[in-house]
Amino acid sequence: MIEQDTLNEVLEACDKRRDARRAFLRGTGTAAMLVGAGALASCGGGGGGGNDDPLIQVPGTPGTNPPTGTTPPGTISDGDILNFALNLEYLEAQFYSFAAFGTGLAANLLTGTGTQGAVTGGKQVTFTDPVVGQYAREIAVDERQHVAFLRSALGSAAVAQPAIDISATATSAFSNAARAAGLIGPGQTFDPYANDENFLLGAFIFEDVGVTAYKGASPLITNKTFLEAAAGILAAESYHAGLVRTVLYAKGLQTPSLRTATESISDARDSLDGPTEVDQGVAMRGAASNIVPTDNNAIAYSRTPGDVLNIVYLTAAAAQQGGFFPAGVNGNVRVSTAG
């Protein structure tokens with residue numbers, strides 16, 4: 001049974017934060033600046049949202065018209081980056097919402113430009129650890145608010161939710177990801193809704209990717225208002241990731257296979273997103289914890305948008321769909337990086 005009363009209470013508790021964010025947008029004229037950023041990018045002047053980073057993978061070659069729904073390199077706007085983030089937030093919000101409450105996002109949070117898709121799978125977890133259950137509910141509401149915030153910032157330019165696969169079948173994205181990590185064998189199923197531990201491992205697949213995605217996208221944002229908002233979401237995603245990693249490490253003291261599983265998932269992600277190792281599990285050699293995965297300067301890693309799509313599409317090749325997004329993401333940034 002859906003915990004509707006609990007969901008309502010948590011949502012009401014977040015009203016003040018939501019209203020404050022919307023007031024922030026109104027006070028700074030974000031919608032107008034978004035339109036301006038897109039116009040400047042398309043005109044190629046004024047220091048708008050353009051970007052010359054060759055690591056952003058978009059289809060098309062010089063002298064040809066890009067496929068519908070894409071833009072040539074060098075014309076990625078701030079709005080494109082926010083829409084890229086919105087696709088990822090749809091995925092996270094749907095997973096956490098189903099796991100915590102047994103239901104997905106409201107219909108009024110799914111519409112927008114591009115092809116709107118349905119969610120495949122998703123169900124409520126019967127949590128045995130009340131702490132894990134409470135964490136799941138808190139994160140679920142945060143992710144829902146991220147979707148609402150980005151949609152409000154983008155206005156009519158917001159992309160619709162694409163088709164999302166969060167099911168628990170032998171051929172689902174979760175099972176394919178777990179199989180790539182060596183957690184299950186051929187024909188077996190990984191069900192992230194089966195128990196607390198599986199839920200945490202499912203969350204681990206997403207959370208670290210979200211942190212590196214926002215950090216990697218931040219240098220591409222030219223508008224300071226958007227950058228501040230993205231930094232705020234990055235901080236929230238980092239809290240979520242740290243929480244998931246902490247609980248997995250703590251439970252791994254009694255069940256070492258959980259710590260080993262995070263290493264395997266980390267290795268699988270690294271095998272998809274290029275030759276640079278930017279991923280780590282929750283433990284160092286021995287029993288030392290590794291709650292915050294960083295470089296030698298204790299700085300969190302970055303991923304390009306193309307590298308992030310490698311992971312959520314579950315491919316090391318250049319692709320426009322796959323994995324958790326069976327029909328691809330919506331918007332102009334939608335092609336993964338060629339390995």
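I began with the second largest cavity, in which about 70 Å³ of space lies. By cavity I mean a set of points, on a 1 Å grid over the protein atoms alone, where a 1.4 Å probe fits but cannot get out, and by volume the space filled by probe spheres set on the points, which are joined across faces, edges and corners.

I then noted that this is a predicted model, in which local features need pLDDT of at least 70 and side-chain atom pairs count only at pLDDT 80 or more, while totals for chains, interfaces and linings use all residues. Residues are numbered from 1 along each chain as its sequence is written, and side-chain values use heavy atoms, with hydrogens and water left out.

For the lining (residues with an atom within 4 Å of a point) of the second largest cavity I listed Leu-88, Leu-91, Glu-92, Phe-206, Val-209, Gly-210 and Val-312. Helix 4 and helix 7 are the elements that give two or more residues to this lining; helices here are DSSP runs of H or I, at least four residues, numbered from the N terminus. By class I found five nonpolar, one polar and one charged, where Ala, Val, Leu, Ile, Met, Phe, Trp, Tyr, Cys and Pro count as nonpolar, Asp, Glu, Lys and Arg as charged, and the others, Gly among them, as polar.

I turned next to the largest cavity, which holds about 100 Å³ of space and is lined by 15 residues, with Ile-81, Ala-85, Tyr-214, Ala-217 and Ala-230 nearest its centre. Two or more lining residues each come from helix 4 (78-101), helix 5 (130-154), helix 7 (196-217) and helix 8 (224-254), and helix 4 gives the most, with five. I recorded 15 nonpolar residues in this lining, no polar and no charged.

Notes. On a 1 Å grid over the protein atoms alone, a cavity is a set of points where a 1.4 Å probe fits but cannot get out, and a pocket is an open set with protein on both sides within 12 Å along at least five of seven lines; lining residues have an atom within 4 Å of a point.
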